[in-house]
Amino acid sequence: MKPKIEITKDGSSTLLHPKYKAHYHSTSGAIEESDFVYLKSGLFYFLSTLQSQEIVQSCSILELGFGSGLNAFNTLVKTESLPLTINYVGIETFPVTMDIINQLNFSEELLVPEQQNVFNTMHEVSWDVPHKITPRFTLEKGIMTSLI
């Protein structure tokens with residue numbers, strides 16, 4: 001069963017899981033949700049709480065539900081200019097196939113169409129092995145074989 005692609009109110013894609021009738025991202029805006037939850041309220045909030053004398057050189061992020069890869073890709077795009085190395089681990093039960101991935105519009109909506117190949121690479125790399133996607137971003141995708 002392949003997920004269905006839908007366009008959210010901010011113009012970005014989301015997926016609808018056919019079996020569970022659940023969207024991968026908010027239908028109000030997939031990118032807006034990713035920006036608010038994963039970056040503004042997550043990573044950037046964490047970085048803002050550090051004392052000015054503390055220097056963070058690397059950060060590890062765990063995402064349960066790698067799904068479309070939007071949160072990982074958005075994190076990569078929005079942190080590439082920072083002096084920070086990201087070690088990103090995404091766990092997924094239902095990996096999305098490349099024919100679906102190729103139809104998602106994240107690189108266009110994030111205004112980085114030149115990074116579509118990076119987004120594709122994030123999905124094409126093998127599972128359960130860390131891969132250096134860029135000099136500052138390492139991705140390891142893990143398969144969860146059953147739901148609890």
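Asp 128 is found in the loop between helix H5 and strand S6. Helices (H or I, at least four residues) and strands (E, at least two) are DSSP runs, numbered from the N terminus. This is a predicted model: local features need pLDDT of at least 70, side-chain atom pairs count only at pLDDT 80 or more, and totals for chains, interfaces and linings use all residues. Residues are numbered from 1 along each chain as its sequence is written, and side-chain values use heavy atoms, leaving out hydrogens and water.

- Asp 128 has a phi near 65°, a positive value in a residue other than glycine.
- Asp 128 is partly exposed, with a relative accessible area of 48%. Buried means under 20% relative accessible area, exposed over 50%, and partly exposed in between (1.4 Å probe, protein chains only).
- Leu 111 sits in the loop between H4 and H5.
- Phi of Leu 111 is also positive, near 65°, and this residue is not glycine.
- Leu 111 counts as exposed because its relative accessibility is 69%.

**Helix H5**
- H5 spans residues 116–124, and its buried residues are Gln 116, Val 118, Phe 119, Asn 120, Met 122 and His 123.
- These buried residues pack against helices H2 (70–79), H3 (98–101) and H4 (106–109), and against strands S6 (131–134) and S7 (137–143).

**The largest nonpolar core**
- A nonpolar core is a set of buried Ala, Val, Leu, Ile, Met, Phe, Trp, Tyr and Cys residues joined through side-chain atoms within 4.5 Å.
- The largest one holds 30 residues, of which Phe 73, Ile 86, Met 122, Ile 133, Phe 137 and Leu 139 touch the most other members.
- Helix H1 (30–49), strand S4 (58–64), H2, strand S5 (85–92), H3, H5 and S7 each supply at least two residues of this core.
- H2 gives the largest share, five residues.
- Leaving aside residues up to four places away in sequence, Ile 86 touches Leu 43, Cys 59, Ile 61, Thr 75, Thr 79, Arg 136, Phe 137 and Thr 138. Contact means heavy atoms within 4.5 Å.
- In soluble globular proteins, nonpolar side chains tend to be buried together.

**The whole protein**
- The protein has five helices and seven strands.
- From the N terminus on, the elements run β-β-β-α-β-α-β-α-α-α-β-β.
- Buried residues make up 42% of the 148 residues.
- Among contacts between residues at least 6 apart in sequence, 59% join residues at least 24 apart.
- The C-alpha atoms fill a box of roughly 50 × 35 × 35 Å, taken along the principal axes.
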